[in-house]
Amino acid sequence: MSKPAPTITAYLKTFCGWSEGVRAIMRKYDLQFEEKDIIKNPAFRWEMEQRSGQSLSPCVEIDGTMLPDISGDEVEAWLIENGYLEKSEEAADAPTNSACTDEQHEAMARGDFKLPGKIKFLG
């Protein structure tokens with residue numbers, strides 16, 4: 001039997017393979033979470049560094065436990081190991097354990113954001 005839905009705060013970058021992997025796990029299990037974008041809001045980066053004791057992202061806090069510098073795969077494993085979820089064999093809608101590709105970094109530098117997953121930019 002799973003625990004009640006956890007309180008989750010995710011310190012993520014706007015565009016990042018690792019951050020998108022964490023989002024993909026949240027979508028896969030339909031988990032509600034508060035996203036704190038450390039790029040758009042430098043105060044969130046400071047908060048993340050104070051709470052996690054380090055500067056690498058993503059960091060995900062689940063019911064008061066900080067998981068610093070973590071991948072989507074690691075978040076999923078932690079949630080299962082700690083009784084919050086039962087493992088689902090359903091595939092996530094984006095890679096859950098990878099950095100951005102060189103092409104994605106180049107596109108971001110140009111301001112041309114095309115990432116895996118369900119993010120759509122409307123203009």
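How do the axes of helix α1 and helix α3 cross, and within what distance do they come? I started my notes there.

**Ground rules.** I am working on a predicted model, where local features need pLDDT of at least 70, side-chain atom pairs count only at pLDDT 80 or more, and totals for chains, interfaces and linings use all residues. I number residues from 1 along each chain as its sequence is written, and my side-chain values use heavy atoms, with hydrogens and water left out.

**Helix pair.** I looked up α1 (residues 17-28) and α3 (residues 72-81): their axes come within 7 Å and cross at roughly 40 degrees. That makes α1 oblique to α3. My cut-offs: under 35 degrees is roughly parallel, over 145 roughly antiparallel, 65 to 115 roughly perpendicular, and the rest oblique. The axes are lines fitted to C-alpha atoms, for helices over the stretch in contact, with angles from 0 to 180 degrees between N-to-C directions.

I then listed who meets whom, with contact meaning heavy atoms within 4.5 Å. From α1 I get G21, V22, I25, M26 and K28, and from α3 I get G72, V75 and E76. By class, this contact has four nonpolar, two polar and two charged residues. Here Ala, Val, Leu, Ile, Met, Phe, Trp, Tyr, Cys and Pro count as nonpolar, Asp, Glu, Lys and Arg as charged, and the others, Gly among them, as polar.

**Overall layout.** I count four helices and four strands, in the order β-α-β-α-β-β-α-α from the N terminus on. These are DSSP runs: helices are H or I with at least four residues, strands E with at least two. Of the 123 residues, 41% count as buried; buried is under 20% relative accessible area, exposed over 50%, partly exposed in between, with a 1.4 Å probe and protein chains only.

**Cores.** Which residues touch the most other members of the largest nonpolar core? I find V22, M26, L31, V60, I62, V75 and L79, out of 17 residues. A core here is a set of buried Ala, Val, Leu, Ile, Met, Phe, Trp, Tyr and Cys residues joined through side-chain atoms within 4.5 Å. The elements giving two or more residues to this core are β1 (8-12), α1, β3 (59-62) and α3. Apart from it I noted another core of five residues, including I38, M48, C59 and M66.

I also checked V22: leaving aside neighbours within four places in sequence, it is in contact with A10, L12, P58, V60, I70, S71, G72 and V75. One of these, P58, sits in the loop between α2 (42-52) and β3, and the peptide bond from S57 to P58 is cis, omega near 5 degrees.

**R23 and T14.** Is R23 buried or exposed? R23 counts as buried, because its relative accessibility is 8%. Beyond four places in sequence, R23 is in contact with L12, K13, T14, F33 and E35. I followed that to T14, in the loop between β1 and α1 and also buried, at 12%. The T14 side chain makes a polar contact with the D37 side chain at 2.5 Å.

**Positive phi.** I flagged D30, phi near 55 degrees, in the loop between α1 and β2 (34-37); D30 counts as exposed at 62%. D63 has phi near 45 degrees, lies in the loop between β3 and β4 (65-67), and is partly exposed at 40%.

Note on methods:
Polar contact = N/O pair within 3.5 Å; in protein donor to acceptor, adjacent residues only side chain to side chain.
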